[in-house]
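Dear colleague,

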Amino acid sequence: MKMILETRNNMTDQWQQERAHFPLLQQKTYLAAASTGLVPDYIYRAMRDYQDSRYLVGGDLSWNGMTTLEMMDWSKQMLADMLGAKKENIAFGDNSSRMLNLFTGGLDWQKGDQVMLSADCFISDRFAWQARQDIEPVFLPTRKGMLLPEDIAAAITPRTRAVSLCCAESSTGFQADLARIGALCREKGIWLCVDAVQSAGILPLDMQRMQIDFLVGNDYKWMMGFCGTGYACISDRLMQELVPWGAGWMSDTHRFDTDRKQLQLRTDAGRFEMGYPNVAGIYGLGLAAEHYLALGAQNIADYVGGLYEALCEKVKASSGMRLRWEFPKQNRSGLVYLDTDCPAQALQQYLEGQNIVVDQKGDSLRISLHYFNNLEDIDRLIEAVKRYRRQEGIA
């Protein structure tokens, strides 16, 4: 018992130390990582140093003793370790939407092929499939915000070629049971494509255990970087089938042999990288993944899960507040939708004036719980909502 308590106390200290990496938290309660995450000092400084060196020194740079290509390789390894994959499975690009279109445009789809999606999916996922005139996207209705493996199994037809899901839905916070869905897809011989934008960096992901074939993410939400960098993680079996829709010097096996006259595609996911990328953003992704691994995926999940439980308890104990969506523990993410008896837009603006940052989504407030948050953040939010209700004569 003594060892358990010491471990728990050490992790509590660790989470408090994490907050020191985010100067904004000294002035504001930030609960909006689902829209734009905070940038920690170690990522900011690394990218600032890169910009300063490009400006003052020029030429290729050293990233802690690494060349740019070595740094990219290191960042791929960090992401791969975070995602339960190999660095050869990782490709970098502009954003998650661009990377998702590698999958929608890279297979030998036949007219009438079906792809299963959640009716609650984010618009980028919806649009990527709707842009393909030869594929029929099937949007499966959810039940109380949930899309369960048995719902997907019941909807699969002989024409189903893929299931394309968000690991965590930005519109509800529902976390899909990817392990069971992955097993189902593998059994049926169909592909599993996952949008991890609202989950990578906050929820444990494992490409192999979950049997995911294609996964995309970005840098500026839970991965706490600046905008402009996305990535894809492509399974070995899909790599044999997926065809690039273009190529550039980075796609070639001999990247710096500029006298070559014939393309020889790389055998790894780098074949999908066409030109010089946003190297500063890639370094930021690597740093975020390295930090995630150091903290521990399960430690993060347990800590954020505790914040989720605390928020739910306080909401249920407060007048005029309720959770829009309630999910079993295994289907929760870092997102909570809060409904109140106040106009959502006016309440969100009031909270902003109180230095509490949340997202307004329709009639709800969307609360994002990251590992840089703590119980005091939750208390400030709940007390501010109570003050607003009293001020407006609602309480």
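**Cavity and pocket**

The largest cavity holds about 40 Å³ of space. Its lining consists of Ser118, Leu147, Leu165, Cys166, Glu169, Phe174 and Ala176, which by class gives 5 nonpolar, 1 polar and 1 charged residues. The structure has 1 cavity of 30 Å³ or more.

This is a predicted model, in which local features need pLDDT of at least 70, side-chain atom pairs count only at pLDDT 80 or more, and totals for chains, interfaces and linings use all residues. Residues are numbered from 1 along each chain as its sequence is written, and side-chain values use heavy atoms, with hydrogens and water left out.

The largest pocket contains about 550 Å³ of space. It is lined by 22 residues, and Gln175, Ala301, Lys329, Gln330 and Arg332 lie nearest its centre. Helix 7 (178-188), helix 8 (207-210) and helix 11 (297-316) are the elements that give two or more residues to this lining. Helix 11 gives the most, with 8 residues. By class, the lining of the largest pocket has 10 nonpolar, 6 polar and 6 charged residues.

On the terms: on a 1 Å grid over the protein atoms alone, a cavity is a set of points where a 1.4 Å probe fits but cannot get out, a pocket is an open set with protein on both sides within 12 Å along at least five of seven lines, and lining residues have an atom within 4 Å of a point. A volume is the space filled by probe spheres set on the points, which are joined across faces, edges and corners.

**Sheets and helices**

Which order do the 7 strands of the open sheet follow? The order is 2-8-7-6-5-3-4, with mixed pairing (two strands pair if DSSP finds at least two bridges between them). Its edge strands, strand 2 (90-93) and strand 4 (135-140), each pair on one side only. From one strand to the next, the twist averages 20°. Strand 3 (residues 113-118) and strand 4 run parallel and are joined by 6 bridges; Val138 in strand 4 is the bridge partner of Met116.

Helix 4 (residues 96-106) packs on this sheet, touching strand 2, strand 4, strand 5 (160-166), strand 6 (191-195), strand 7 and strand 8, and its direction makes about 165° with that of strand 7. Helix 3 (residues 68-83) lies across strand 2, strand 7 (214-218) and strand 8 (230-234), at about 115° to strand 2. Contact means heavy atoms within 4.5 Å. Angles run from 0 to 180 degrees between N-to-C directions, with axes fitted to C-alpha atoms. Helices (H or I, at least four residues) and strands (E, at least two) are DSSP runs numbered from the N terminus.

An open sheet of 4 strands has antiparallel pairing in the order 9-10-13-12. Strand 9 (321-323) and strand 12 (359-361) are its edge strands, each pairing on one side only. Strand 9 pairs with strand 10 (residues 335-340) in the antiparallel sense over 3 bridges, and Asp339 in strand 10 is the bridge partner of Arg322. Helix 11, which also lines the largest pocket, lies across strand 9, strand 10 and strand 13 (364-368) at about 140° to strand 9.

**Confidence**

The mean pLDDT (the predictor's confidence in each residue, from 0 to 100) of the protein chain is 93, and 97% of its residues reach 70 or more.

With kind regards

Definitions and conventions
Nonpolar A, V, L, I, M, F, W, Y, C, P; charged D, E, K, R; others polar.
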